[in-house]
Amino acid sequence: MLRLIATSLCLRCQPVTAPPLSCRLCVTLSSAENQQTVEALYDLSVDIQKIRKLKGWVLHQSPTYTKEVAGLLMDMGASGSIIARILVVHPEAILCNPEQLQAQKDLWISVCPNQKELVGIIEKFPASFFTSSSHHDNQRDNIAFFLSLNLNKRIITKLIASAPQSFSRPVEQNEVMVHTLQQAYQELGGEEANMKIWLQKLLSQNPFVLLKPPEVLRQNLRFLRDKGFSTAELLHLLSKLRGFVTELNPDSMRRTLAYSRDTMDCSEAELRDMILKCPALLYYPETILAERFQGLLSAGISMSQIIETPTVMELTTQIVNYRLDRLRAHGYNVRTGSLDVLNGTKKDFEMSYGKLQLRRERPLFNPVAPLKGDD
């Protein structure tokens, strides 16, 4: 992102654009690589060529804190190979001020069960940990807010790692969105005793829900209510959509619902029943729906079967064909059999497939059939 120049340029750390540092000191850019940095990375068995290819600008900066960053990770229990992987994926880490990194570690460990798990999180989300120190106060305030909701610390750790933007902004913005979610849950008849668990599950499944404007949630619920969904059904959808209700908008849902209704030639009530079974029908665009419908029909599945088991629409055509080939190899007739066997994750399908195999291989015992005896 930065053009290398021969003269020195003083840059302050930025949270998103390169270099996204936590240091407060000036960073000097030079046309030559910082040999001390290169040697320190070599000593740590870091793939320098990969850094040069992807983020070569890091090697031209000074000062760097390669040994200090490696030492901090090592003190937390990170192995040499883990440290090398972190620095290859996110070499900007070596530009972070050690004192501010220590403060970041202390903050994260307040919600992380132990240092070993923290190392695993940093390995998976290095850019979230090695971030601008200007966000430290917001991170601390947001952590305190989510702790006040009595949320599981593992959920909070997942939030700050996978959606760091929501912790980098003022806590008041998250307070408004969480209040909106809680209010929607209660207005739809959700039980107070279960609200914490419901909120935890929603946030863990879609951490980015916090970044959406509260009005988006209200608009989408109003649209679905106008489509005839009852209060209980709306609560069911809100839970089944796992927070992705904020990714929708009335215009896209209107087009998707119209396409599904016309394609399946069903009533509004039938379509609502299918959506309650398969909420994906709300957010798949027409192009994906067309491909899925065509793939299922081409495989010999009837439209009435799709209406009865709409969750098959969640499967890609490739997955459907692969599973049907395996089922047909064991004599399963998809035209007369249930589509439930097709549904679910890979693990779900393997379990269903295994039961079919056992049923085929194990002959049914006939209690009135004569037993064969020795002559």
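How many cavities of 30 Å³ or more does a search of the whole structure find? In this predicted model, the search returns one such cavity. The volume of this largest cavity is about 50 Å³. Its lining consists of Lys227, Phe229, Leu257, Arg261, Glu268, Leu271, Arg272 and Ile275. Two elements, helix H15 (250-264) and helix H16 (268-277), each give two or more residues to this lining. H16 provides the largest share, with four residues. Divided by class, the lining of the largest cavity holds four nonpolar and four charged residues, and no polar ones.

Among the open sites, the second largest pocket was examined. A volume of about 230 Å³ was computed for the second largest pocket. The residues that line this pocket are Lys240, Leu241, Arg242, Phe244, Pro279, Ala280, Tyr283, Tyr284 and Glu314.

Helix packing was then considered, starting with helix H5 (residues 98-109), which packs with helix H8 (residues 136-148) at an angle of about 10°. The axes of H5 and H8 lie 11 Å apart. Because angles under 35 degrees count as roughly parallel, H5 is described as roughly parallel to H8. On the H5 side, the contact involves Ala103, Gln104, Leu107 and Trp108. H8 contributes His136, Gln139, Arg140 and Ile143. The residues of this contact comprise four nonpolar, three polar and one charged.

H5 also packs with helix H6 (residues 115-124), here at an angle of about 115° and with the axes 11 Å apart. H5 and H6 are therefore roughly perpendicular to each other. The crossing in which H5 passes H6 is right-handed. Lys105, Trp108 and Ile109 of H5 meet Gln115, Leu118 and Ile121 of H6 in this contact. By class, four of the residues in the contact of H5 with H6 are nonpolar, one is polar and one is charged. Trp108 of H5 takes part in the contact with H8 and also in the contact with H6.

A further helix pair is formed by helix H11 (residues 171-187) and helix H12 (residues 195-205), which pack at an angle of about 125°. The separation of the H11 and H12 axes is 11 Å. The two helices are therefore oblique to each other. H11 passes H12 in a crossing that is right-handed. From H11, the contact draws on Val178, Leu181, Gln182, Tyr185 and Gln186. From H12, the residues in contact are Met195, Trp198, Leu199 and Leu202. Seven residues of the contact of H11 with H12 are nonpolar and two are polar, with no charged residues.

Two features of the backbone were also noted. Most residues other than glycine have a negative phi, and most peptide bonds are trans. Ser45, although not a glycine, has a positive phi of about 60°. Ser45 lies in the loop between helix H1 (35-43) and helix H2 (48-55). The peptide bond from Ser62 to Pro63 is in the cis form, and its omega is near 5°. Pro63 is placed in the loop that runs between strand E2 (61-62) and helix H3 (66-75).

Finally, the surroundings of Thr317 were examined. Thr317 belongs to helix H20 (residues 317-329). In sequence, Thr317 and Glu291 are 26 residues apart, and in space their C-alpha atoms are 7.6 Å apart. When neighbours within four places in sequence are left aside, the residues in contact with Thr317 are Glu291, Arg292 and Gly295.

Terms used:
Residues are numbered from 1 along each chain as its sequence is written. This is a predicted model: local features need pLDDT of at least 70, side-chain atom pairs count only at pLDDT 80 or more; totals for chains, interfaces and linings use all residues. Side-chain values use heavy atoms; hydrogens and water are left out. Axes are lines fitted to C-alpha atoms, for helices over the stretch in contact, and angles run from 0 to 180 degrees between N-to-C directions. Angles under 35 degrees count as roughly parallel, over 145 as roughly antiparallel, 65 to 115 as roughly perpendicular and the rest as oblique. Contact means heavy atoms within 4.5 Å. Ala, Val, Leu, Ile, Met, Phe, Trp, Tyr, Cys and Pro count as nonpolar, Asp, Glu, Lys and Arg as charged, and the others, Gly among them, as polar. On a 1 Å grid over the protein atoms alone, a cavity is a set of points where a 1.4 Å probe fits but cannot get out, and a pocket is an open set with protein on both sides within 12 Å along at least five of seven lines; lining residues have an atom within 4 Å of a point. Grid points are joined across faces, edges and corners, and a volume is the space filled by probe spheres set on the points. A crossing is left-handed if the near helix is turned anticlockwise from the far one by less than a right angle, and right-handed if clockwise.
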